[in-house]
Amino acid sequence: MAWWHDAVIYQVYVRSFADSNGDGVGDLRGIIAKLPYLAQLGVDALWLNPFYPSPQKDAGYDVSDYRDVEPRFGELRDFDDLVGEAHGLGLRVIVDLVPNHTSSEHPWFRAAVAAAPNSRERARYLFRDGRGESGELPPNEWQSIFGGSAWTRVADGQWYLHLFAPEQPDLDWTDQEVVAEFDDILRFWLDRGVDGFRIDVAHGLAKDPDLVELPVDLDPDIPTWVAQPRHPFWDRDEVHEVYRRWRGILDSYPGDRVTVAEAWVYDPTRYARYVRRDELHTAFNFTFLMAPWDAAELRAAIDDTLESLRQVGAPATWVLANHDVEREVSRYGDGAIGLRRARAAGMLMLSLPGSAYIYQGEELGLEEVRDLPAELRQDPLYFRSGGADLGRDGCRVPMPWSGDAPPFGFSSNPSPWLPQPPTWAAKTVEAQERDPASTLALYRDALRIRRSRDDLRAGELRWLEADASVLAFTRGSGFACAVNTGSGAASLPAGLASAHVLLASDALERGGELPGETAVWVELPA
Ligand code: NOJ
């Protein structure tokens, strides 16, 4: 079985992980210094958020050069060292590929703006004439995910499409030069030894050729970045041609290189299409991430995922957090209760069949930081919504490593790009390493147990009869997990009560009972 079928992958948010040069922003050398921490945590791979040259209008998801390193993060030599050192420690490295849009500072887009309408330069993007008497209205009513029209007008009167910020013009994937360029970008990083790619906005590359308006019957409760049926820019069939092509490129390289799609597609059958045998290897499972803390809802998300992926023979990929969503401690209710649930959810995730992602700080039980000063916020979502949406900066606050006061060993600079709450003194890696009941200790234990057990990695999942608030299942014949999403104690399913406890997310009180908001792993007698 290839490594990525059951790998645990740690997401490194480069600008917030570790700062080696004191400019207050994390960098590649900072990551190198912390590789032993990741090896000790027990993960198999790292996924690095974009570190390429970029004006940083969307934290690096606005790439101006796909084959280099942003100076504030380091240089190519540092990247090569990072890959070399990671591999030396047995850690693989996945990089972020941003194919839906470039930065408006990318040489291609600068040339497009300088060129005339209908030129070759403009054909790589989606330039169109406007509507109205003098073209003063955008070509259609599509809205940007960050708010406002998805179109911006240039000096000669044409408009260009940007599903995200105006500084992120969308590429036209029907243009063969665009296709060829990304083949080459993939090869550039594969040749440098990367083990895979996370594909940004994988469900968005193809647009309706007539740029038709959104269907009127879209479900308003589904977020705007999530696919729905007959959508003119999400999850269109044409995207799959791109992924078949890329699969061929990855397969032509030695070693098991992997792709993971960021495809916000809830419909399980449509989602599974991204990971058909000749397409991408894996895709983040956002149904699980978005599920509320409720046994039935979590179970439905797990079942739907496993069933749809079984049809295409792909492994599942579980994720509870990333740099775009509120941290799960806060999502699940904040404070002590949120932390208790997040710890149990972590154990649930790590005992499901497939691979799992840990977002930096998840292993420390960090919560969302909501009270960041407005003048330090950077997320375009915050600005383009006029502050109505606090945006995603609150889950991107730098890691607390050590010491009693900010910046907690993240940087020698007293003012990192975002401030950490002083209360994180109790959450630093250093503090949690001293405490066997800490969240860090829980994650280390869980990862060690996961690594040591074939059944936990490869055994089939079978549900057990349990109380309504309890999720309980076996993996293979020797392992079982039970999670109580209710607030009161519940009885453990038959056979589990007397089994040997391998790990629990919080103290177990009485035998035969599982306290509220708690997960337990047990070894079943042979
Ligand atoms: C998804 C990325 O995770 C997010 O951070 C970014 O803003 C958008 N794609 C646009 O690239």
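A: The description below starts with the ligand, moves out to the pockets, and ends with the backbone.

The model is predicted, so local features need pLDDT of at least 70 and side-chain atom pairs count only at pLDDT 80 or more, while totals for chains, interfaces and linings use all residues. Residues are numbered from 1 along each chain as its sequence is written, and side-chain values use heavy atoms, with hydrogens and water left out.

The ligand is surrounded by 13 residues, of which the closest are Asp-58, Asp-200, His-323, Asp-324 and Arg-392; a residue counts here if one of its heavy atoms lies within 4 Å of the ligand. By class, this shell holds seven charged, four nonpolar and two polar residues, where Ala, Val, Leu, Ile, Met, Phe, Trp, Tyr, Cys and Pro count as nonpolar, Asp, Glu, Lys and Arg as charged, and the others, Gly among them, as polar. On its own the ligand has 290 Å² of accessible area, and the protein covers 97% of it, the areas coming from the Shrake-Rupley method with a 1.4 Å probe.

The ligand sits in the largest pocket, in the sense that more than half of its atoms lie within 2 Å of the grid points of that pocket. A pocket is an open set of points on a 1 Å grid over the protein atoms alone, where a 1.4 Å probe fits and protein lies on both sides within 12 Å along at least five of seven lines; lining residues have an atom within 4 Å of a point. The largest pocket holds about 670 Å³ of space, and among its 34 lining residues Trp-225, Asp-324, Val-325, Leu-381 and Arg-392 are the closest to its centre. Its lining comprises 14 nonpolar, 13 charged and seven polar residues.

The second largest pocket has a volume of about 450 Å³, and of its 21 lining residues the closest to the centre are Leu-306, Arg-310, Ala-314, Pro-315 and Pro-353. Its lining takes five residues, the largest share, from α9.

As for the backbone, a cis peptide bond with omega of about 5° joins Pro-406 and Pro-407, and Pro-407 lies in the loop between α12 (380-384) and α13 (429-433); helices are DSSP runs (H or I, at least four residues), numbered from the N terminus.

Definitions and conventions:
Grid points are joined across faces, edges and corners, and a volume is the space filled by probe spheres set on the points. Helices (H or I, at least four residues) and strands (E, at least two) are DSSP runs, numbered from the N terminus.
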